Amino acid sequence: MRRCRVLVVVASVAAVWGAGALAGCGAAGSWGRPIGVPGLETLNKGGDASVSSVSCASPGNCAAGGDYRNHGHQGFVAVERNGVWGRAIEVPGLGALNAGGDAEVFSVSCASAGSCAAGGYYRDQRRNYQGFVVSERNGRWGQAIRVPGLGAPDQGPVGVSSVSCGSAGSCAAGGGGLVVVSERNGVWGRPIEVPGLGALNAGGEASVESVSCGSAGSCAAGGDYAGGRYADGTGHAQGFVAVEKNGVWGRAIEVPGLGALNKGGNAGVLSVSCPSAGSCAAGGDYGGNGRGFVVSDRNGVWGRAMQVPGLSALGGTAAVSSVSCASAGSCAAGGDYGWPYEWGFVVSEKNGVWGRAIKVPGSGVF
């Protein structure tokens, strides 16, 4: 069996596209040398590991999570302090929950140095998939706890797909089963079904794909549900968004304008980013052949979804898989396009106006 090493990289503070490199959060404006996640080779007896999510509260203070193989798949977290990565550890308490031998950290979010949260899935002794969350406080990870309502027998991994922290000890998480759960003052509350999503979800299948919190108690969530009806009489997946204000989740709505774009195909929100309360952006895909879209929330009101400018000219199927906003009206989005080969694209929003998508220099099939 091929043995894998998992790498983390350090990059630049300036978010610069070009020369085949993406700049992120490090020094000197260029990507640093990748390193193996410290301690992961010791955990990874089965030779199969990956990093699924990374979050940075400030330059040099980050956390990462993913999975490795050792008598089944297990979830890990690793923390960077002042620019130095510490040793990866199995998520505390997850081994006891993971009696079925299949677990992974899907998402990590850090509000400040030493204060993070993570979520993912595991398989219990009945071989059912369950969701979990775990919190880091003052640099120490607590015990993973089960999120009720996310379990499913033999349907593949169903768990917490997204975690976001608006401030230390105040986070939100969401996943399959229409569920969101909030952390207040360091304590995770009871999960709830996204209000209004049951009424939209006539087809009986829905999922929260992404959660983002602009501040404590002010978050947004997005995903997909089965319930739309089209001219051909069939039902297809549609995208939704829901907003939390002052700690209370509002009703889920179909993404405005997405139904008009999504004629006879499937659609869904894959990523949401909220730099502040009432200001968010989301992206995903729609249509039978796949088209990327973006949509913005300004002052608490969602605008109409639009196809990413310039994406049709690049050609092929496409999807926006990630959106990130530094401030209101200043965002970036990225994803892939093309078939049967795939290339990466990026697009930026400035002063509330989305520019044209461009191919990521150097991306593509080698």
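Hi everyone, let me start with one cysteine: Cys274 has a relative accessibility of 8%, so Cys274 counts as buried. By buried I mean under 20% relative accessible area, with exposed being over 50% and partly exposed in between, using a 1.4 Å probe and protein chains only.

Before going on, a word on the model. This is a predicted model, in which local features need pLDDT of at least 70, side-chain atom pairs count only at pLDDT 80 or more, and totals for chains, interfaces and linings use all residues. Residues are numbered from 1 along each chain as its sequence is written, and side-chain values use heavy atoms, with hydrogens and water left out.

Now, what does Cys274 pair with? The partner is Cys280, and the two form a disulfide with sulfur atoms 2.1 Å apart; the term stands for a pair of cysteine sulfur atoms within 2.5 Å. Cys280 is buried too, at 4% relative accessible area. The link of Cys274 and Cys280 is right-handed, with 105 degrees about the S-S bond.

Let me show you two other disulfides. Cys213 and Cys219 are joined with their sulfur atoms 2.1 Å apart. The torsion about their S-S bond is about 95 degrees, so this disulfide is right-handed. Cys213 is buried at 9% relative accessibility, and Cys219 is buried at 3%.

Then there is the disulfide of Cys325 and Cys331, again with sulfur atoms 2.1 Å apart. Here the torsion about the S-S bond is about 100 degrees, so the link is right-handed. Cys325 is buried with a relative accessible area of 11%, and Cys331 is buried at 7%.

How many disulfides does a search of the whole structure find? It finds 6. Counting bonded cysteines along the chain, the pattern reads 1-2, 3-4, 5-6, 7-8, 9-10, 11-12.

Next, please look at Ser273, which sits in strand E25, residues 268-276. Strands here are DSSP runs of E with at least two residues, helices are runs of H or I with at least four, and both are numbered from the N terminus. At 10% relative accessibility, Ser273 is buried. What does the side chain of Ser273 reach at 3.0 Å? The answer is the backbone nitrogen of Cys325. Setting aside neighbours within four places in sequence, Ser273 has contacts that include Ser212, Cys280, Ser324 and Cys325; contact means heavy atoms within 4.5 Å.

My other residue is Val294, in strand E27, residues 291-298. Val294 is buried, with a relative accessible area of 1%. Beyond its neighbours within four places in sequence, Val294 touches a set of residues, among them Ala282, Met306, Val320, Ala333 and Trp354. Trp354 is 60 residues away along the chain, and the C-alpha atoms of Val294 and Trp354 are separated by 8.7 Å.

Let me finish with the whole protein. There are 5 helices and 34 strands. Of the 366 residues, 49% are buried. Among contacts with a separation of 6 or more, 47% come from residues 24 or more positions apart. The accessible surface comes to about 16100 Å², with 52% of that belonging to carbon and sulfur atoms; such areas come from the Shrake-Rupley method with a 1.4 Å probe, and for residues only the protein chains shown count as cover.

Notes
A polar contact is a pair of N or O atoms within 3.5 Å; within protein, one must be able to donate a hydrogen and the other to accept it, and residues adjacent in sequence count only if both atoms are side-chain atoms.
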